[in-house]
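Here's a quick tour of a structure, taken from the overall picture down to a few individual residues. Have the viewer open as you read.

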Protein chains: 2
Amino acid sequence: MPPSSTTIDRPHRAARRYIYAFGSGRAEGDASMRDLLGGKGAGLAEMTNAGLPVPPGFTITTEACNAYFAAGERLPDGLFDDVLTAVRDVERETGKGFGEPRNPLLVSVRSGAKFSMPGMMDTVLNLGLNEETLGGLVALTGNERFGWDAYRRFIQMFGRIVLGVEGELFEEAIAAAKTRRRVTTDTELTADDLRDLSREFRAIVHVHAGRDFPNDPHEQLDLAIRAVFASWFGRRARDYRAFNSIPDDLGTAVNVMTMVFGNMGEDSGTGVAFTRDPNTGERRLYGEFLTNAQGEDVVAGIRTPRAISEMRNEMPAVYDEFQRIAERLERHYRDVQDLEFTIEKGRLFMLQTRSAKRTAAAAVRIAADMVEERILTRAEALGRIEPGQVDQLMRNQFDAKARAAATLLASGLNASPGAAVGQAIFDADRAAEAAGRGEKVVLVRIETSPDDFHGMAASEGVLTARGGATSHAAVVARQIGKPCVAGVGDLTIDARKRRARLGSHDLAEGDWISLDGSTGDVFLGAIPTVEVRFEEQAGLRRILDWADQVRRLQIWSNADKPEEAILARRYGAQGIGLCRTEHMFREGERLDIVRDAILVAFEATRAKARRAAGEEVTADQAAAIERFDDAMGKLERLQERDFRGIFAAMTGLPVVIRLIDPPLHEFLPDREALIEQVTRLETLGRPADDPELAEATRLLAAVETLREQNPMLGLRGCRLGLMIPDFVTMQTRAILNAAIAEKRDGHDPHAEIMIPLIGHVNELKATRGLLEAEAKRVEAAAGVEVDYTFGTMIEVPRGALTAGEIAKNAEFFSFGTNDLTQMTFGYSRDDAEGGFLLDYVERGILSANPFQTLDIDGVGQLMRIAVTAGRAARPDLKIGICGEHGGDPASIAFCHGLGLDYVSCSPYRVPVARLAAAQAALTGAAERDR
Amino acid sequence: MPPSSTTIDRPHRAARRYIYAFGSGRAEGDASMRDLLGGKGAGLAEMTNAGLPVPPGFTITTEACNAYFAAGERLPDGLFDDVLTAVRDVERETGKGFGEPRNPLLVSVRSGAKFSMPGMMDTVLNLGLNEETLGGLVALTGNERFGWDAYRRFIQMFGRIVLGVEGELFEEAIAAAKTRRRVTTDTELTADDLRDLSREFRAIVHVHAGRDFPNDPHEQLDLAIRAVFASWFGRRARDYRAFNSIPDDLGTAVNVMTMVFGNMGEDSGTGVAFTRDPNTGERRLYGEFLTNAQGEDVVAGIRTPRAISEMRNEMPAVYDEFQRIAERLERHYRDVQDLEFTIEKGRLFMLQTRSAKRTAAAAVRIAADMVEERILTRAEALGRIEPGQVDQLMRNQFDAKARAAATLLASGLNASPGAAVGQAIFDADRAAEAAGRGEKVVLVRIETSPDDFHGMAASEGVLTARGGATSHAAVVARQIGKPCVAGVGDLTIDARKRRARLGSHDLAEGDWISLDGSTGDVFLGAIPTVEVRFEEQAGLRRILDWADQVRRLQIWSNADKPEEAILARRYGAQGIGLCRTEHMFREGERLDIVRDAILVAFEATRAKARRAAGEEVTADQAAAIERFDDAMGKLERLQERDFRGIFAAMTGLPVVIRLIDPPLHEFLPDREALIEQVTRLETLGRPADDPELAEATRLLAAVETLREQNPMLGLRGCRLGLMIPDFVTMQTRAILNAAIAEKRDGHDPHAEIMIPLIGHVNELKATRGLLEAEAKRVEAAAGVEVDYTFGTMIEVPRGALTAGEIAKNAEFFSFGTNDLTQMTFGYSRDDAEGGFLLDYVERGILSANPFQTLDIDGVGQLMRIAVTAGRAARPDLKIGICGEHGGDPASIAFCHGLGLDYVSCSPYRVPVARLAAAQAALTGAAERDR
């Protein structure tokens, strides 16, 4: 606190400094004080200091906001006295008086937190007006209609925002006035009409707010400041912070600034502009302006704003000044700025500057361009793009032009990214039905519950009125990969009539809407979407090239088929981290072969053991062996073909192939259906030797034999290979022979054979023994040596805990964090995600779904144990991660810190992972340098 | 190696010393050299050094055995030359000559490892005989029949044991000879008959061993030594070692000793004796002898041996000498000895001394008595009893007298302890059927497979011919708590005729047999069993009192009902470590109430939340609430009554009560049965509103809602309490009110409320909040404060990993090692134990079933992490274990080392645990003192 003799003299002064003034080329704050002044306040101070024309005013700090809540929603002692002092300073500077009828000082009041945040209080303009000061305004402007219009707007805005009166009530009154006056537009209402209307508005406030509308400007200011503070803990603001991990104790600042008027004639005007196009990133002033208008008019759509470029002809001097300022601000902040300005009688005033929100495409282009323009370093550019934005660029997007031209109905939380277009349906059953008929639908609900799941799954996207980023709709939508906009307050649904109101628009069931889950915007109609080929996204590729130079982690991809491997390589994958061989088992005729093998697998294996021990086998057993070997032979040929395709696609790069993993019953028919079939046929009196009944009974018996209480913890992974060794030897042959064939074809295959579900080193040793003996046979038969390595997944807690022993027998580890998370938490993902896990996240028992974002405290601790022990036992151990977390930026950062060699994710996530890995490396370097 | 000039002179001498001689009051070895000389060799050396009469001989060391295998089953260079040198020393001492026709030296050859071990080579007597030396033997004894009998026995024994000829062939030849001679007993065969027989035996050897019977005594000795070595890696010996964790590289020694003859007239004899009764532990010489007989005659049962006490009258001087020697040996070894002796013409020779095998009852009595006799300290006495023996004393046992009098048919591996009596049945299906008719059966199989499981489960016990301690029969029997004797080589089964041969006895299906799974003995007929009340086992109680003074770990017990708590306290439990409240839910009418509650639980909980938020509930919802509250109220009253009983039984001691844990569908009807019922009724054309169909459909829908893919990892434990808070509050009320009522009745209840399945500290916080608020309400209503503590199970890996955070919110931990093992290994116990886990143990992939013996490397590591972090966060944290491992001695030792406060096990295991905890403390102290 700066020492000041006046501080001591004035007993009401607040105990600490809560107010920072700006005006006349001097500000008490600056850009570095975002924490204290919020983004907007810091921007105003910075612009003021830079000599830019900013109307005088002051900022009440975020600390005042925190003190307000700490004191039980009371303004800190002395704060309001300090506010009045600051007002007096502004009065002095402007020569106007707050509440002074002849030359009234009017102010705007706006919230301004450190981060721009939806759900915070909107602007209240023209504060300080009452019927007396209105007279002064009319005299100054010479425009009575303007005066009354400003006044009724002030009442309306203040009434709604500060006093909490339903906005609809004011709209209805305007509509009634127009009906009475038989006019259709607001502009046709006269000054008298508006005077009447403003009085009617005050009556509405009296009834619905339970108090008179405050005439005293000081009281207006007091109430407005409290309203800004209160909005900090509004539902949407809280949800937004929770979703974006912004702490609750940042608080919001309040900006009080002298009103300037863009509606004082044709040499006045107002506008908003971006220093670059926020949709495409193109380097040109982008925005709109209106002459003789207030900012609200731009938004309200009463008059059509004009492109900012037209200002150049209209007001060339002002335009030049604005352009210079814009450029200066962009250079100053080293980022694209979102500017608000007003021209009062030819004089330009800057009302706001802030970093511009931008589309993913724009973010990438701007970052790349700013490196070329030497505004940013490459490292800084990499930090300017969110991994989520890269993700968006990999998805279908709305056509930028069409999106810009579409009617925005409302905005909500960007709860799950992506573009969705469909007919609005208000009920999950009907949504599922319509989708079943091949229609594209968007499910629109007040909120969703588990009962709506089928409707969500069938829809293109989901839109809800209630609930934040951790609401059922948001969590489920992200899980199932559907775009979702949640918490759109402006949505009401009349389920019976199958109608909804969205913003100011009436929506009938079946109307087309478009959701942008990446921004939270909802548009009317069907906006066309585009798929932009990765190869054509020059900016993105440039950024990712830089990322590749910076990152230490390699990015591999999970791919089960040659097509996926090709795609992964296109996106920059440096290897295949997980090829799930059993995924090849499920297609078409293959499933029949697999079933054939499974039905006799155990019998044939026992019979083979008997034969190997020199004992006799029965004719039935011999037949089982033959049938089994026949099916396995077919599978081997199919798998070899698949592996060849993948090796060809990945020539020169490693391919990790995991041996069979899932429980066998997954390949058999559904048990319940068989029980029903058998019961039905028996009830119908079919004899036991009826062919249909006999076949169903036989299948049911096989299914029963393989049935397990908890298949997730049962006979799968390496356990399966140890019980039915032919699975291991058959797959080994297919892999080795594929590699040999590809080598002969001039390719360079690198097979890494991976054993799943190892919990004890002896499992690995036994499997390795089987596998290497078979590999030797294949190599000897072909007379070719194959470059293959042998490793294991670490996905069982015991595997992580005993990783030292395991590493002695494995050349690489790959963390299977899906299973590791299941077992470390004791969660069955299938059961938990549709059930209690959702509730856990919603109630904050868990901060995130651990299947999406790696649980660092638990699962991460096991990983750390495994990495430390594994590397101690084998310093050159290669370690990666192939669980779903391999594509999650936060998890990638953790893996980088842990010193893994690579992360492996789905092909579409490869670009995201490339950026995230670079950011992790940069952050890590920055932390080391600290 | 002692320097010796002769060593240098003789090029064939082995590179190291492999032979230790004994004789004439001097031996090169002593009792401390068990590792090198084996138990038998060390005993012979020790007795020789003590001046006891031992026939001269020598021991070939265990190192020679290891060298034999290391060299690929070749005798080490020079070894046999050293053997011949040692033989020459014996010749010198005895004045006899090896292979010398006139005064032949005959020797016995026996194996002798560090630990006495079934499956090792039997004794070969009379080695050195051939038709020439036989003449000398006849001349010396003046008994031609004796000579030829000795010779045919030698051929038979050597042929079977050393040359591997089927023993049956010799028996058939004897039978044929008796038929030819029209006599019925062996003794009726004349010297000529025996001469013919011995020549016939040599012919049998020629045909079946593919070689001539060796006449050269040196060749006989060479072959016999190799046979002893080879028996070290025989199947049964290997299995025995695996079961008893004896390393394979100990090797066996070979003892070669001068033959003395107990059959040289009425002043000769032979016998075996224990220094105390090995059945009861009574302090008296116990054993048998025969005059004019060789040791083999005692075993063969041709003549009935006489009680050792009768020797006192017959040969008073020899008896006195023997008694003095016996006492001296017992004092010397400070343990009961098992002695073999022979009297040759009035001269006593000691042939063997070793620690005596004894029954559990004897072990306890002997240990206790030896403390009184100041032979042992209390600590030593505690070390002399195996926890398994205490376990046996807690089970039904055979009546000791009846057991001693019963006909022993055969012996095998003591694979699973306990006494089983039943009719022998040779097929699992028939065993299950007979058991279904209420008959008591013992399943007798060559070996068992998973297909036999139902038969095993229905039987009193299991007997197999093949397979060791980790065979299917052994592992499953231990799992299901059935006595089992495995690997009885003397068992053949003719399944078709339903007959078996067991030892020398023919057995028809349905004959009664008795198995002692604790010793591996199989008896003919039904031996009565006795249950000895714990209170009456004075020796055991004395030992356990000493154990209580030594141990640091407290022993608590798991008990779900008052009766179990009473039993546990009788056995010495110091608290209840786990009271599973839901076990009270399953009995009779309770299950109906529980089902009633479950069917509406979720609906009622949602409706209650709605009501609490001030929203309206429908009539249906109100009805659900009412029905739910009604059922929960009934349950509360029942639980309160149960808790009162337990608190009363455990007054003054802590009672850990775990809140509801299992998934709810466990309380509902079987899903498959419902599917069948619905399908059947629908197929029969019943309308949907048919009452039976409607009810089944309703139940099925409820079951489907609760259904989970992996219930072990689903909605259970604390998750359930967080979804349906009424379970927590209801149980809290029942516990608190029960404690209050018992306090008012003058009891001293100590409730410890335990939350299961905590994986994240927030789960614990949320549950604790619910629980403490309810507890405060109960206490306030009653005006009584209750002494209760709040803690959690550590049974989820993540719970262990984050134990530091959890300990801040828990006053105690209890390791639930069943679940912790399931999740750490990723094994579903239900699935694994019936499947691959068995195979894993049998193949040695796992050294033990981790559900029976704690896995120290994996699960133990998690426990160590949890103990360290938990105690760091809360130094006075009380930590116990309540999984099944709490009763396993090896696991108890680990828990002691980990510094736990208590282990909790089933009531019957409490005495076992008391001893094991004391042994752990003594071992720990000994290790610290080292």
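What percentage of the 930 residues of chain A count as buried? The answer is 56%. Keep in mind that this is a predicted model.

Confidence first. The pLDDT of chain A averages 90, and 96% of its residues score at least 70. For the model as a whole, ipTM comes out at 0.82 and pTM at 0.83.

## Chain A as a whole

Chain A has 37 helices and 32 strands. Its C-alpha atoms fill a box of roughly 115 × 70 × 55 Å along the principal axes.

## Two copies

Now bring in chain B. Chain A superposes on chain B with an RMSD of 0.4 Å, by a rotation of 179° with 0.0 Å of shift along the axis. The two copies are thus related as by a two-fold rotation axis. Both copies use the same surface, with 100% of the contact residues of chain A recurring in chain B.

In chain A, R17(A) lies over the face of Y20(A), 4.3 Å from the ring centre. In chain B, the charged end of R17(B) sits over the ring of Y20(B), at 4.2 Å from its centre.

## Aromatic rings

Over all chains, the structure holds 38 aromatic pairs. Take Y827(A) and F836(A): their ring centres are 5.3 Å apart and their planes meet at 75°, so this pair is edge-to-face. Y827(A) counts as buried because its relative accessibility is 1%, and F836(A) is buried too, with a relative accessible area of 3%.

Elsewhere in chain A, ring pairs join Y68(A), F69(A), F229(A) and F233(A) into a cluster.

## A serine in strand β14

Is S416(A) buried or exposed? It counts as buried, because its relative accessibility is 2%. You'll find S416(A) in strand β14, which covers residues 413–416 of chain A.

Who is around it? Beyond four places in sequence, S416(A) is in contact with A477(A), R478(A), K482(A), P483(A), C484(A), G517(A) and S518(A). K482(A) is worth a zoom: its backbone oxygen lies 2.6 Å from a polar atom of the S416(A) side chain.

## A tyrosine in helix α13

Last stop: Y333(A), in helix α13 (residues 316–333) of chain A.

Which residues does Y333(A) contact, leaving aside its neighbours within four places in sequence? They are A31(A), A42(A), G43(A), E46(A), T353(A) and R384(A). As for F229(A), one of the cluster residues, Y333(A) is 104 residues from F229(A) in sequence and 27 Å from it in space, C-alpha to C-alpha.

How values were computed
Residues numbered from 1 in each chain as written. Chains lettered and ligands numbered in written order. Predicted model: local features only at pLDDT ≥ 70, side-chain atom pairs only at ≥ 80, totals over all residues. Heavy atoms only, no water. pLDDT = per-residue confidence, 0-100. Helix = DSSP H or I, 4+ residues; strand = E, 2+ residues; numbered from the N terminus. Buried < 20%, exposed > 50% of the residue type's maximum accessible area, 1.4 Å probe, protein only. Polar contact = N/O pair within 3.5 Å; in protein donor to acceptor, adjacent residues only side chain to side chain. Contact = heavy atoms within 4.5 Å. Phe/Tyr/Trp six-rings, centres within 6.5 Å; stacked < 30°, edge-to-face > 60°. Lys NZ or Arg CZ within 6 Å of the ring centre and 35° of its normal. Least-squares fit on C-alpha atoms with pLDDT ≥ 70 in both.
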